[in-house]
Amino acid sequence: MIHRINVILQNDEIRMIEAEDNETILNAMARHGIFYPSACGGRGTCGKCKVMVLEGNIIATPEDYRSFTEQELQQAYRLSCKAKVKGELTIKLLAPEETGMEVLSNSMRKVRSVLNPLQYYIAIDLGTTTIVVTLIDSVGNNLATFTSINPQRSYGADVISRINISNKGKKHELMEMIRKTIRDGILAVIQKAVVEAGKVKRVAIAGNTTMVHLYMGYSCTGLGTYPFQPVNIGFIEDSLEGIDAIPVTLLPGITTFVGGDIVSGLAVCGFHRKEEPCLLIDLGTNGEMALGNKDKILVTSTAVGPAFEGGNLSCGTGSIPGAISHMNIKGNEISYETIGNKPPIGICGTGVIEIISELLRVGIIDETGLLTDAYFEQGYTITEDIKVTQKDIRELQLAKAAVRAGVEILASNYGITLDHISTVYLAGGFGFHLDIDKAVHIGLLPPELKENIKVIGNSSLSGAISYLTEPNMKEAMQHIVSVSGEIHLSNEPDFNELYLQYMSFDNE
């Protein structure tokens with residue numbers, strides 16, 4: 001049986017979709033191209049995919065009772081990931097719209113002049129959260145850029161959620177989501193720059209191993225269970241249907257958990273030429289790190305969850321207009337900045353770092369992360385609708401402890417102390433906007449590295465551009481892969497002890 005649902009979007013536009021009997025609202029919306037945030041992957045734990053049922057009936061689930069107040073339940077607030085359709089409905093989407101999310105599309109490369117290039121290239125950063133498509137000329141100048149939220153976010157903010165969904169029969173659907181977005185992006189940049197599609201010589205895609213598997217339609221069975229065997233992490237040659245069959249190269253990864261986005265970053269930072277050990281840290285939905293030089297590189301990945309991107313936080317949100325990104329406390333006064341200077345609607349990852357650093361500085365939380373009695377039950381209120389709870393603080397502690405312990409384990413296995421690391425490259429959108437002082441204050445980054453940190457922006461995209469336009473970059477990436485070894489943090493006897501140690505805020 002098929003049921004009609006009228007969906008009132010955040011901009012008050014009304015879309016009519018169809019749902020199968022007993023299908024969840026979230027799944028029905030995704031099938032019709034309405035990609036609604038669900039950081040937990042539909043488990044009903046993040047509370048992000050809330051809707052209000054205006055007409056029709058959806059029985060409240062246990063997850064609804066945990067997520068909403070009694071008043072909200074009476075107003076028919078429901079989690080769309082758990083709301084099963086039994087009849088015709090009219091619903092209103094309540095989560096902030098993510099279409100305006102800030103997407104880091106800057107390149108480390110310097111602009112160089114070129115007259116009338118005969119050919120063009122397209123570099124793509126295929127991220128778990130966002131997708132960037134950039135049209136460049138033959139020397140790497142940016143001619144046009146397209147950015148988008150990765151539509152797979154409706155199936156979860158992290159790669160584990162997407163692996164599970166793919167393995168449950170959604171492999172083709174997830175593949176088409178990415179490929180359509182990339183096709184749309186390529187057409188958009190070609191049109192914007194007024195370039196003939198036939199003059200685009202090649203496309204290069206840098207992405208983590210899971211995103212590459214989902215793009216190619218590979219089975220993800222080996223990604224989610226030990227011994228974690230990917231189908232292919234080498235250079236992959238492909239083509240995009242419908243765009244003059246432009247050849248596509250997907251850049252190689254090192255392991256299941258350290259993919260082509262990190263190899264791209266290592267290459268553009270010149271790790272294949274480094275004499276002194278350097279450290280690359282890329283913090284997003286995963287925390288990937290690489291330490292080494294031209295002769296030896298150790299890599300690892302730690303499951304930080306989506307805390308750095310606003311996921312799993314009571315008032316967390318992505319980097320969208322209105323997200324609190326900076327905050328200071330002076331006496332009884334709170335000052336904050338929001339993305340786009342819009343009215344506050346939530347807290348993004350950098351905002352969480354700054355808020356907790358400030359709460360720690362003024363003594364509202366102690367070194368264990370415990371809120372004082374005045375705020376323990378209700379949390380610390382920033383605006384009438386936005387607060388930081390004890391659970392939010394614990395989520396950040398889990399994430400920052402994993403990163404800090406991971407850095408220590410890499411250095412120990414490399415046989416050096418932190419003061420031997422010559423440069424720390426901080427990659428990604430989160431790192432680009434991060435207040436380094438406050439990140440060190442809460443123990444996310446070691447104080448020994450503070451003066452050597454270099455913020456490099458979207459190194460994944462930069463590496464894809466370099467691959468397309470610089471000679472010998474393919475060989476450089478192959479060399480990086482060949483000298484790299486993986487450290488499995490779960491196998492390290494000291495990891496748990498360091499992890500517990502760095503849960504504390506008293507570890508500078």
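Which residues in α7 are buried? They are Gly 260, Asp 261, Ile 262, Val 263, Ser 264, Gly 265, Leu 266, Ala 267 and Val 268. The model behind this report is predicted.

## Helix α7

Helix α7 runs through residues 260–268 and is mostly covered, with nine of its nine residues buried. Several elements contribute to the cover. Among the strands are β9 (200–207), β12 (278–283), β13 (287–292) and β14 (297–302). Among the helices are α13 (459–469) and α14 (473–482).

Gly 270 follows α7. The phi of Gly 270 is positive, near 80°.

## Overall build

The protein has 15 helices and 22 strands. Its radius of gyration is 23 Å, close to the 23 Å that the globule rule gives for 508 residues, so the protein is as compact as a globular protein of that length. Along the principal axes, the C-alpha atoms fill a box of roughly 65 × 55 × 45 Å.

Of the 508 residues, 58% count as buried. The accessible surface is about 21,200 Å², and 48% of that surface belongs to carbon and sulfur atoms. Take contacts between residues at least 6 apart in sequence: 66% of them join residues at least 24 apart.

## Nonpolar cores

In soluble globular proteins, nonpolar side chains tend to be buried together. Here the largest nonpolar core has 60 residues. Leu 279, Ile 281, Phe 308, Ile 382, Leu 434, Leu 444 and Leu 445 have the most contacts inside it. At least two residues of this core come from each of β12, β13, β15 (323–330), α8 (349–361), α10 (390–414), β20 (424–427), α12 (436–441) and α15 (495–503). Helix α10 gives the most to this core, with 11 residues.

What does Phe 308 touch, leaving aside its neighbours within four places in sequence? Its contacts are Leu 283, Gly 284, Gly 349, Ile 353, Leu 396, Ala 399, Lys 400, Val 403, Phe 430 and Leu 444.

Arg 162 sits in helix α4, residues 159–193. Arg 162 is buried yet has no salt bridge. The nearest side chain of opposite charge is Asp 158, 7.3 Å away. Not counting residues up to four places away in sequence, Arg 162 touches Thr 128, Asn 150, Gln 152, Arg 153, Tyr 155, Gly 156, Ala 157, Leu 174, Met 211 and Leu 214.

## Salt bridges

Side chains of opposite charge can pair when their charged atoms come close. The structure holds 16 salt bridges. One network links Glu 354, Glu 358, Arg 361 and Lys 438. Within it, Glu 358 and Arg 361 meet at 2.8 Å, N to O. Glu 358 and Arg 361 are three residues apart in helix α8, so about one helical turn separates them. Glu 358 is buried, with a relative accessible area of 4%, whereas Arg 361 counts as partly exposed at 47%. Glu 358 also forms a salt bridge with Lys 438, the closest N and O atoms being 3.8 Å apart. This pair links distant parts of the chain, with Glu 358 in α8 and Lys 438 in α12, 80 residues apart. Both Glu 358 and Lys 438 are buried.

Another salt bridge joins Lys 391 and Glu 395, at 3.5 Å, N to O. These residues are four apart in helix α10, so about one helical turn lies between Lys 391 and Glu 395. Lys 391 is partly exposed, with a relative accessible area of 49%.

## The loop at His 420

His 420 is found in the loop between α10 and β20. Its relative accessibility is 48%, so His 420 counts as partly exposed. His 420 and Glu 448 are 28 residues apart in sequence. In space, their C-alpha atoms are 9.7 Å apart.

Key: Residues numbered from 1 in each chain as written. Predicted model: local features only at pLDDT ≥ 70, side-chain atom pairs only at ≥ 80, totals over all residues. Heavy atoms only, no water. Buried < 20%, exposed > 50% of the residue type's maximum accessible area, 1.4 Å probe, protein only. Contact = heavy atoms within 4.5 Å. Core = buried A, V, L, I, M, F, W, Y, C linked by side-chain atoms within 4.5 Å. Lys, Arg positive; Asp, Glu negative; His and termini not counted. Salt bridge = Lys/Arg side-chain N within 4 Å of Asp/Glu carboxyl O. Rg over C-alpha atoms; globule rule 2.2 N^0.38 Å. Areas by Shrake-Rupley, 256 points an atom, 1.4 Å probe, with all protein chains shown as cover.
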